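Welcome! Please take a look at the sequence and the structure shown here before reading on.

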Amino acid sequence: MQQSKVSVAENFFGKITKGQNGPHKVVLSKLLTPFEGDKTVACTFCTNCNNYMEINNHSLEILTNIASISKSSDMRGRYIETKKCGVCNSTPEGVKFKNIPN
Ligand SMILES: [Zn+2]
């Protein structure tokens, strides 16, 4: 019986789902790198375009509004993951606040 290439690959890697460009997985060491900007309050990662961004307080407020959560004053040990960001899309989508795993 002939198997398609996708099903052969799925046997090796499990179910394969593809987004437009991603999804990409976050690289933790990039989140743990000290911020370069002196106004940076948090780091975002976009699973669609694989982009890491340092954001300031103003951007953090925008993202907390999109995520419909109350603003977190302390972002230490946390980062923001988006399905789409301002780089690959006009507005961020799928905004999630996440803990950086130890
Ligand atoms: Zn993006």
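What follows is a short tour of a sheet and a nonpolar core.

This is a predicted model, in which local features need pLDDT of at least 70, side-chain atom pairs count only at pLDDT 80 or more, and totals for chains, interfaces and linings use all residues. Residues are numbered from 1 along each chain as its sequence is written.

Let us begin with the sheet. Its 4 strands form an open sheet in the order S2-S1-S3-S4, with mixed pairing. At the edges are S2 (52-55) and S4 (96-99), each pairing on one side only. Strands here are DSSP runs (E, at least two residues), numbered from the N terminus, and two of them pair if DSSP finds at least two bridges between them. The table lists the pairs.

| Strands | Sense | Bridges |
|---|---|---|
| S1 (42-46) and S2 | antiparallel | 4 bridges |
| S1 and S3 (78-82) | parallel | 3 bridges |
| S3 and S4 | antiparallel | 4 bridges |

Now for the core. The largest nonpolar core has 11 residues, including Phe45, Cys46, Ile55, Leu60 and Ile80. Such a core is a set of buried Ala, Val, Leu, Ile, Met, Phe, Trp, Tyr and Cys residues joined through C-beta atoms within 7 Å, where buried means that 20 or more other C-beta atoms, placed from the backbone, lie within 10 Å of the residue's own. S1 gives the most to this core, with 4 residues.

Conventions:
Buried ≥ 20, exposed ≤ 12 C-beta atoms within 10 Å, placed from the backbone.
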